[in-house]
Amino acid sequence: MAWRNTSTARIGRRKSSRLFKDYYAEWIETLKNTLLPLLRHSMSSSSSSSSLLSTHVEMLHHHFQSYYEALDLAASQDLSQLLYPDWRNSLEKPFLWLGDFHPNLFTNLLRSFLDDDSNNGGLAWKNPSKPLLNRVEQIECGLRLMVPALVARSRAAQAGFIDRVAVDWVRCQGRKEATKDFCGAVMAQMEELMIVFMDANRLRRSILTEIMGATDVYQAALYLQAFAQFLVGFRDAELLSEFERCKLPLS
């Protein structure tokens with residue numbers, strides 16, 4: 001898999017007063033109302049050429065990649081708005097992992113096409129080639145290695161923070177002499193968490209790129225359509241309202 005540990009990675013700390021939730025609202029609207037309809041039209045129209053379909057696939061893929069780039073920038077400015085996103089709704093939150101959707105969603109969705117005996121994916125996914133199956137297995141194998149490693153790094157960052165200041169903070173009862181050490185530890189922890197977040201984000205981005213590289217244009221179109229519909233569905237007001245009504249209290 002074309003992904004590597006980037007523990008020394010940094011991006012430019014450009015200033016922005018715009019909250020990421022505002023960017024995401026605009027991004028999802030473009031996905032829903034512009035790019036997804038274009039892709040659907042080029043897939044359903046008998047007069048559409050393969051080059052037009054390829055163009056719309058690339059537009060949608062670029063839209064996703066621009067989103068992950070924006071995530072990196074937002075993380076460098078204020079990681080808390082991503083790690084503790086109060087702007088995510090109750091349908092989205094169970095799927096989140098290190099600031100965004102869990103990368104297993106990418107491969108599980110792909111598997112749903114490969115393992116669909118009813119052939120709902122159409123002729124594009126009938127009898128997938130051996131190279132495609134092998135590539136998918138490689139992607140899944142890499143994911144099984146990388147996800148636990150990132151989780152371990154995230155936990156280590158938090159544990160290191162607690163080991164460094166928590167006991168002293170309690171002993172000092174929040175007095176001024178403890179403030180400097182506490183602030184320094186917070187900054188160090190957030191820096192490490194930001195690096196872990198960016199590596200997790202790079203993993204998501206890389207998996208999507210790998211899937212696009214392993215599939216032909218028709219398979220990629222069906223995959224991106226399903227992925228886009230999945231994300232757009234979380235923002236469906238009727239579905240969200242129904243979910244809120246059926247939620248069971250914890251006992």
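A crossing of two helices is right-handed if the near helix is turned clockwise from the far one by less than a right angle, and left-handed if anticlockwise. In this predicted model, helix α4 passes helix α7 in a right-handed crossing. The contact draws on Leu 105, Phe 106, Leu 109, Leu 110 and Phe 113 of α4, and on Leu 222, Tyr 223, Ala 226, Phe 227 and Phe 230 of α7. By class, the residues of this contact comprise ten nonpolar, no polar and no charged.

| Helix pair | Axes come within | Crossing angle |
|---|---|---|
| α4 (residues 104–114) and α7 (residues 217–233) | 10 Å | roughly 125 degrees |
| α1 (residues 20–44) and α2 (residues 50–77) | 9 Å | roughly 170 degrees |

The axes of α1 and α2 cross at roughly 170 degrees, and α1 is therefore roughly antiparallel to α2. The contact of α1 with α2 contains 19 nonpolar, five polar and no charged residues. For the other pair, the angle is roughly 125 degrees, so α4 and α7 are oblique to each other.

The largest nonpolar core has 63 residues, of which Phe 20, Trp 27, Leu 31, Phe 64, Tyr 223 and Leu 224 touch the most other members. Two or more residues of this core come from each of α1, α2, α4, α5 (130–172), α6 (176–214) and α7. The most are given by α6, with eleven residues.

Leu 31 may be considered individually. Leaving aside residues up to four places away in sequence, Leu 31 touches Leu 36, Pro 37, Leu 60, His 63, Phe 64, Ala 228, Leu 231 and Val 232.

Definitions and conventions
Residues numbered from 1 in each chain as written. Predicted model: local features only at pLDDT ≥ 70, side-chain atom pairs only at ≥ 80, totals over all residues. Heavy atoms only, no water. Axes fitted to C-alpha atoms, helices over the stretch in contact; angles between N-to-C directions. Helix = DSSP H or I, 4+ residues; strand = E, 2+ residues; numbered from the N terminus. Parallel < 35°, antiparallel > 145°, perpendicular 65-115°, else oblique. Contact = heavy atoms within 4.5 Å. Nonpolar A, V, L, I, M, F, W, Y, C, P; charged D, E, K, R; others polar. Core = buried A, V, L, I, M, F, W, Y, C linked by side-chain atoms within 4.5 Å. Buried < 20%, exposed > 50% of the residue type's maximum accessible area, 1.4 Å probe, protein only.
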